[in-house]
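Please view the sequence and the coordinates first.

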Amino acid sequence: MDAPHERFERFWHAYPRKVGKKQARITFLKLQISEAELTHVLTALAWQVKEWPDLRFAPHPSTYLNDERYTDEPLPAPKATPATVTSLPAWVQRKTGTS
């Protein structure tokens with residue numbers, strides 16, 4: 001097996017949604033993804049997969065490649081919000097006038 005096909009197999013092994021392998025291979029080979037680019041793709045996949053809680057909604061592999069989704073940036077971490085108390089003890093409610 002030559003290098004481009006080997007790189008595709010590494011991509012396919014790492015990609016979590018196993019649909020449309022033939023089209024994914026065609027797309028991968030058409031894009032001529034180098035070893036360096038594959039490293040970038042695999043690095044992006046490592047964090048992106050964590051953001052796909054339901055793989056039914058993850059893009060098909062060929063779509064991922066065509067849209068260069070590996071160049072997406074991670075979402076910013078949510079800002080910490082102060083904890084809210086949903087139920088105050090009765091004595092606090094009486095003191096503060098909340099109920």
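Which residues in α1 meet which residues in α3? R7, R10, F11 and A14 in α1 meet E35, L38, V41, L42 and L45 in α3.

## Basis

This is a predicted model, where local features need pLDDT of at least 70, side-chain atom pairs count only at pLDDT 80 or more, and totals for chains, interfaces and linings use all residues. Residues are numbered from 1 along each chain as its sequence is written, and side-chain values use heavy atoms, with hydrogens and water left out.

Helices are DSSP runs (H or I, at least four residues), numbered from the N terminus. Contact means heavy atoms within 4.5 Å.

## Packing of α1 and α3

Helix α1 covers residues 3-14 and helix α3 covers residues 35-48. Their packing angle is about 0°, and their axes lie 11 Å apart. Axes are lines fitted to C-alpha atoms, for helices over the stretch in contact; angles run from 0 to 180 degrees between N-to-C directions. The two helices, α1 and α3, are therefore roughly parallel to each other; that term covers angles under 35 degrees.

The residues of this contact divide into six nonpolar, no polar and three charged. Here Ala, Val, Leu, Ile, Met, Phe, Trp, Tyr, Cys and Pro count as nonpolar, Asp, Glu, Lys and Arg as charged, and the others, Gly among them, as polar.

## The two sides of α2

Helix α2 spans residues 21-31, and A24, T27 and F28 in it are buried. Buried means under 20% relative accessible area, exposed over 50%, and partly exposed in between (1.4 Å probe, protein chains only). Seen down the axis of α2, the buried residues fall within an arc of 100°, so they line one face of the helix. The arc is that of the directions from the helix axis to the C-beta atoms. The cover over these buried residues includes α1, α3 and α4 (61-66).

T27 has a relative accessible area of 2%. Leaving aside neighbours within four places in sequence, T27 is in contact with S62, L65 and N66. The face turned away from the buried side carries the exposed residues K22 and K30. K30 has a relative accessible area of 55%. K30 and L45 are 15 residues apart along the chain, and their C-alpha atoms are separated by 20 Å.

## The nonpolar core

The largest nonpolar core has 16 residues. Such a core is a set of buried Ala, Val, Leu, Ile, Met, Phe, Trp, Tyr and Cys residues joined through side-chain atoms within 4.5 Å. F11, F28, L45, Y64 and L65 have the most contacts inside this core. The elements giving it two or more residues are α1, α2, α3 and α4. The largest share, four residues, comes from α3.

What does Y64 touch, leaving aside its neighbours within four places in sequence? Its partners are F11, Y15, V41, A44, L45, Q48, W52, P59, R69 and Y70. Q48 sits in helix α3 and is buried, at 3% relative accessibility. Not counting residues up to four places away in sequence, Q48 touches Y64, R69, Y70 and D72.

## Positive phi values

Q32 follows α2 and lies in the loop between α2 and α3. Its phi is positive, about 50°, although Q32 is not a glycine. Q32 is exposed, at 64% relative accessibility.

E68 is a residue other than glycine with a positive phi near 50°. E68 lies in the loop between α4 and α5 (90-96). At 39% relative accessibility, E68 is partly exposed.

Conventions. Parallel < 35°, antiparallel > 145°, perpendicular 65-115°, else oblique.
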